[in-house]
Amino acid sequence: MKVLAYDPVPKPEFEDVVSYVRFDELLAQSDVISLHCKLTNSTRFMISAGALGKMKPGVILINVARGGLIHVPSLMKFIQNGHIGAAGLDVYEEEPDFPLYTHDLSALQDDERMLHWDEQYAKLRALPNVLCTPNSGFLTHEACEDIAARTVQSIREMEAGKPLSNLVAPGW
């Protein structure tokens, strides 16, 4: 299997496991495209109608990064016309204030239920070759234990007047 990667700043430590290529080349050659990047002004809607049109027919598109990387109306058109084979989405740009996956909305009437998500999302989820999963990567037992331990550590450091070891640098 050949693994292609695009990064505006290629990392030499990965060059033995991936082949860095131009973004357009990655789109044209990949059977599966998985997004793993921050949402910035330059990455917002990086998967637009133009990018989708450059993808290999039948490609599987996976987004586990940020919803705003994909222009969803364009994705829906390319799925419906058969150019995109399937999509797996762990994130969605217009996610509601609470995770839909942890709330039972079945007792609500259809019109009330739709108030909790937008119509576009409902149509996207209804496509047979689209899988939407909850954005819950932090909910493993190990991750929750680590979050709790780091929180306690930060509280102890702050109470002792020490520098915080888990402080995230501004602009990261």
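Me: Helices (H or I, at least four residues) and strands (E, at least two) are DSSP runs, numbered from the N terminus. Where does that put Val91?

Reply: Val91 is in the loop between S5 and helix H4 (110-113). Before we go on, please note that this is a predicted model, in which local features need pLDDT of at least 70 and side-chain atom pairs count only at pLDDT 80 or more, while totals for chains, interfaces and linings use all residues. Residues are numbered from 1 along each chain as its sequence is written, and side-chain values use heavy atoms, with hydrogens and water left out.

Me: Thanks! Why is Val91 called buried?

Reply: Buried means under 20% relative accessible area, exposed over 50%, and partly exposed in between (1.4 Å probe, protein chains only). Val91 has a relative accessibility of 7%, so the residue counts as buried. Its C-alpha atom is separated by 9.8 Å from that of Ile62, 29 residues apart along the chain.

Me: And what makes Thr151 partly exposed?

Reply: Thr151, in helix H6 (residues 141-159), has a relative accessible area of 41%, a value in the middle class, so it is partly exposed. C-alpha to C-alpha, Thr151 is 8.7 Å from Asn166, and the two are 15 residues apart in sequence.

Me: Why is Ser74 called buried?

Reply: The relative accessible area of Ser74 is 9%, and therefore Ser74 is buried. Ser74 lies in helix H3. Beyond its neighbours within four places in sequence, Ser74 is in contact (heavy atoms within 4.5 Å) with Ser48, Ala49 and Leu52.

Me: Which other residues of H3 are buried, and what covers them?

Reply: Besides Ser74, the buried residues of H3 are Val72, Leu75, Met76, Phe78 and Ile79. The cover over the buried residues of H3 includes H2, S4, S5, H5 and S6.

Me: What makes a set of residues a nonpolar core?

Reply: The name is for buried Ala, Val, Leu, Ile, Met, Phe, Trp, Tyr and Cys residues joined through side-chain atoms within 4.5 Å. Here the largest such core has 31 residues, and Ile47, Met55, Leu61, Leu75 and Leu124 have the most contacts inside it. Helix H3 (72-80) is one of the elements that give two or more residues to this core, and H3 gives the most, with 5 residues.

Me: Which residues make the contact of H3 with H5, and how do they divide?

Reply: H3 brings Val72, Pro73, Leu75 and Met76, while H5 brings Gln120, Lys123 and Leu124. They divide into 5 nonpolar, 1 polar and 1 charged, since Ala, Val, Leu, Ile, Met, Phe, Trp, Tyr, Cys and Pro count as nonpolar, Asp, Glu, Lys and Arg as charged, and the others, Gly among them, as polar.
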